[in-house]
Amino acid sequence: MKKILVLHGPNLNLLGSRENEIYGDLTLAEINKRIKKFAKEKGFVVDLYQSNHEGELVTKIQEAKGTVDAMVINPAAYTHTSIAIRDALAAAKIPTVEVHLSNIYRREEFRQKSLTAPIALGVISGFGATSYLLGLQAVWENISQRHKVR
Ligand code: DQA
């Protein structure tokens, strides 16, 4: 069975009580529950991981090489700052879709630049918890189809 790693970056553990008007009312546990349900329906294994620490996310990405088939990552604030996470993704060479709950392109200018997006197959931004499910659908199709886009 294929295995997909879902990585949640800093402050996403606060979902449900964090700027609800931007990020919605669902907690991370509720989002993870939806992700698990989706994985069960499609028939893949999901590994869920959240960290507030850049280095821990880097280590998790390094460990993913050779052990997971694909990744969905919401690097949160590290999207805009972390060359380390970008380099880890580039080294891992695992099909990855970047997701954001909010539409980063209609927010502050500093959020409109993603350092990690160039390493991803694509980016889904602005659909709340559904961004994760759309990201999973996209990466799942990518690793399931015989003729991949990349
Ligand atoms: C976010 C957007 C980032 O700019 C922000 O720092 C986050 C969450 C999102 O999911 O919309 O923490 O990645």
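The model is predicted, with local features requiring pLDDT of at least 70 and side-chain atom pairs counted only at pLDDT 80 or more, whereas totals for chains, interfaces and linings use all residues. Residues are numbered from 1 along each chain as its sequence is written, and side-chain values use heavy atoms, with hydrogens and water left out.

A search of the whole structure finds one cavity of 30 Å³ or more. A cavity is a set of points, on a 1 Å grid over the protein atoms alone, where a 1.4 Å probe fits but cannot get out; lining residues have an atom within 4 Å of a point. The largest cavity holds about 160 Å³ of space, a volume being the space filled by probe spheres set on the points. It is lined by 16 residues, of which Y23, N74, A76, H100 and R107 are the closest to its centre.

The ligand sits in this largest cavity, in the sense that more than half of its atoms lie within 2 Å of the grid points. Around the ligand are R18, Y23, N74, A76, A77, H80, H100, L101, S102, I104, R107 and R111, each with a heavy atom within 4 Å. By class, this shell has five nonpolar, four polar and three charged residues.

A side-chain N or O atom of S102 lies 2.6 Å from a ligand oxygen, a polar backbone atom of L101 is 2.8 Å from one, and a polar side-chain atom of R18 is 3.0 Å from one. The protein covers 99% of the 320 Å² of accessible area that the ligand has on its own, by the Shrake-Rupley method with a 1.4 Å probe.

The largest pocket, an open set with protein on both sides within 12 Å along at least five of seven lines, contains about 180 Å³ of space. Of its 11 lining residues, K93, I94, P95, I119 and L121 are the closest to its centre.

Key. A polar contact is a pair of N or O atoms within 3.5 Å; within protein, one must be able to donate a hydrogen and the other to accept it, and residues adjacent in sequence count only if both atoms are side-chain atoms. Ala, Val, Leu, Ile, Met, Phe, Trp, Tyr, Cys and Pro count as nonpolar, Asp, Glu, Lys and Arg as charged, and the others, Gly among them, as polar.
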